[in-house]
Amino acid sequence: MCEKKIGYISSKPSNKIWWITFAILCGATFVTRYYKVLDPDHVCWDETHFGKMGSWYINRTFFFDVHPPLGKMLIGLSGKLTGYDGKFPFEKPGDKYEGARYEGMRLFCTTLGALIVPLTFLTVWEMTKSLESTVIGTMLLLCDVGFLTLNRYILLDPILLFFMSCSIYGAFKVRTLTDEGLPPFSTRMLSWQLYLGASLACTVSVKFVGLFVVLFAGLRTIADLWNVLGDLTKPVSLTVKHLIGRTFTLILWPTVLYVLFFWIHLAVLTKSGNGDGFFSSGFQARLEGNSLFNASAPKNLAYGALISLKNHRTGGGYLHSHQHLYPSGVGARQQQITTYTHKDENNRWQIKPYDKEQVEGVVFVRSGDLVRLTHAQTGRNLHSHRERAPITTKHMQVTGYGEDGVGDANDVWKIIISGGKDGDEVQTVKSKLMFVHYLQACVLTTTGKQLPKWGYEQQEVSCNPNLRDKNALWNVEDNIFDDLPKVSFESYASGFIERFFESHAVMFQGNAGLKPKEGEITSQPWQWPINYRGQFFSGQSKRIYLLGNPIVWWGNLVFLVVFFIIFIINSIRDKRAEAFGKPLQGGMTRDLLNAAGWTFIGWALHYVPFWTMGRVLYFHHYFPALVFSSMLTGILTEYLLLSIRSYLSPELGKTVYHSILGLIISTTIYSFYLFSPLAYGMSGPLGHEANSTMYGLKWMESWEF
């Protein structure tokens, strides 16, 4: 694909035209985003989660979530500053706010979502210095009704996308300054690098998918350093200086900020909440209102004590039982044994010698002892036998068996202190314990697998013949025994560093184990680029449906394929030119193709990894990739128009160029007008009914509006 070099094509717009264009797009952005922003005035979709978490920050109540804390802290802060008292329950979608001051939180998220559009404008301009490609790429995001819908509610997505857009803009601003030869330690260079580092830290601190943009910025930085090193007119020491500067501003500085956000998170959430049970006993000892906070218990464990056992698996729960039996066909129909991450009376067990109901005086439990554990509420003994576990069939079933503590020989367990020796006394919290079945020679463990509804979706407990099972460690948490002196749990409480790393271990495990809830609409990565199915945000009289503008999404998909073809053709052409000793062609089109290549990399980094994930996935996971694909479409449109124009006479080329630009912009705006009810609310008949306002726009059977 050869091209003629024509000077007027790459001419830059006047400063006045640039500012007028930017102002018009900003104005259109804020008008479309704030229009009906407080309507509907009820809880929409995941506002039930993130509004509730904002309330917990205001009330300083600890909770567990699979995402880092910054986005939720900002939601809570915006609510606090605008008069929200943190008392609205956010129980379920559709609940009316009824006087609760939710407006500040929704407007805050909407504002950050609106700022993504001007940031995209600045980014594409920084990459291309082409106003046409900048306008098209920005218009695609501005006119996408899905992007509009996602960024108008109390959600993490507008916050994530805002900081991600800040990061992309910062990465290309730093590239521009590097190409201009700005000294590595100049105030301007360091300021922009600090901005980029802060943006990266904030992105990751909202959701872990922010790591994708960190990787993108890392690749961009490597390219910058490679270009500096490849400039033979500059000393190698200049590259070293750039490397040192970026080590501090793009690695150490973001790390400090990330840790600081977690410190604030843990400093604010000081009160016990419903997420305590996911964390270790030492972690819980720091939470006001938790049974371990300012509590005391005997240092050592004695026979007859009433105890709870917490599993050492990350996010592990308490050994638990209840009156319900395993269903027929699932091993023996005996009482269920599970782990449960919340505290209740069904987590209590009494520890006894294996051969008697009680002992005289105080007798300490020691490593190597044979014991029985009797469930305090039901009187059943912890029991195992040669029946398969309900899910992990290579393990043996663990049940509750017997009456009032009287069972059989399969109730006997050998207690072993990990890292200790026979005869060592078992200590509260500190001792890591294994319970080895005396007859079956298997170890009590939790697999972390969720039981079906008959097990109340609690976690499976089994007996593993592999005694090296790393999840077979337990510690005594509650230790109720009145005949022994008590010591304070303060000595067991975790410090900040321990809680920081434990929080991450629990979050990573929670993320990996996310499963769809009953009736929940999930999706697969192949469905996202084709806009296969949306998601209802509000299903009442005011229906809001998250679905991409099909003109934008399908256009982006076509241009992704076109870019790949153009890239292959140009690579072959450049290789042949190099082989024949011909100079490679440069100019505006090469710069555009290079910029398109970076947006393609950004799209791939934010989309391809989802194909490898085993966790539950949702349609909204594609929207970070949409930002890159929209920029790519804008850039590649300009590239193709310039290529076509280069084959035509100046007058005809100019006419064709501006006609196609006008057609693209007008089509995009009109498609927004057609599909905007999806974002602003639909009422009346559904889209497939002839008298519906959306009749004729249901272009795919999988669309549910």
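1. C442 and C463 form a disulfide, with their sulfur atoms 2.0 Å apart; a disulfide here is a pair of cysteine sulfur atoms within 2.5 Å. The count by this rule is 1. The link of C442 and C463 is right-handed, with 95° about the S-S bond. C442 lies in the loop between β10 (433-437) and β11 (443-450) and C463 in strand β12 (residues 459-464), so the pair ties together parts 21 residues apart in sequence. C442 is buried at 0% relative accessible area, and C463 is buried at 0% as well. Buried means under 20% relative accessible area, exposed over 50%, partly exposed in between (1.4 Å probe, protein chains only).

2. This is a predicted model: local features need pLDDT of at least 70, side-chain atom pairs count only at pLDDT 80 or more, and totals for chains, interfaces and linings use all residues. Residues are numbered from 1 along each chain as its sequence is written, and side-chain values use heavy atoms, with hydrogens and water left out.

3. The sulfur of C44 is 13 Å from the closest cysteine sulfur, in C109, too far for a bond. C109 is in no disulfide. C44 is buried, at 1%, and C109 is buried, at 0%.

4. Strand β5 (residues 349-353) has 4 of its 5 residues buried. Helices (H or I, at least four residues) and strands (E, at least two) are DSSP runs, numbered from the N terminus. β5 pairs in the antiparallel sense with strand β6 (residues 370-375) over 5 bridges, where pairing requires at least two DSSP bridges between the strands. I351 has L373 in β6 as its bridge partner.
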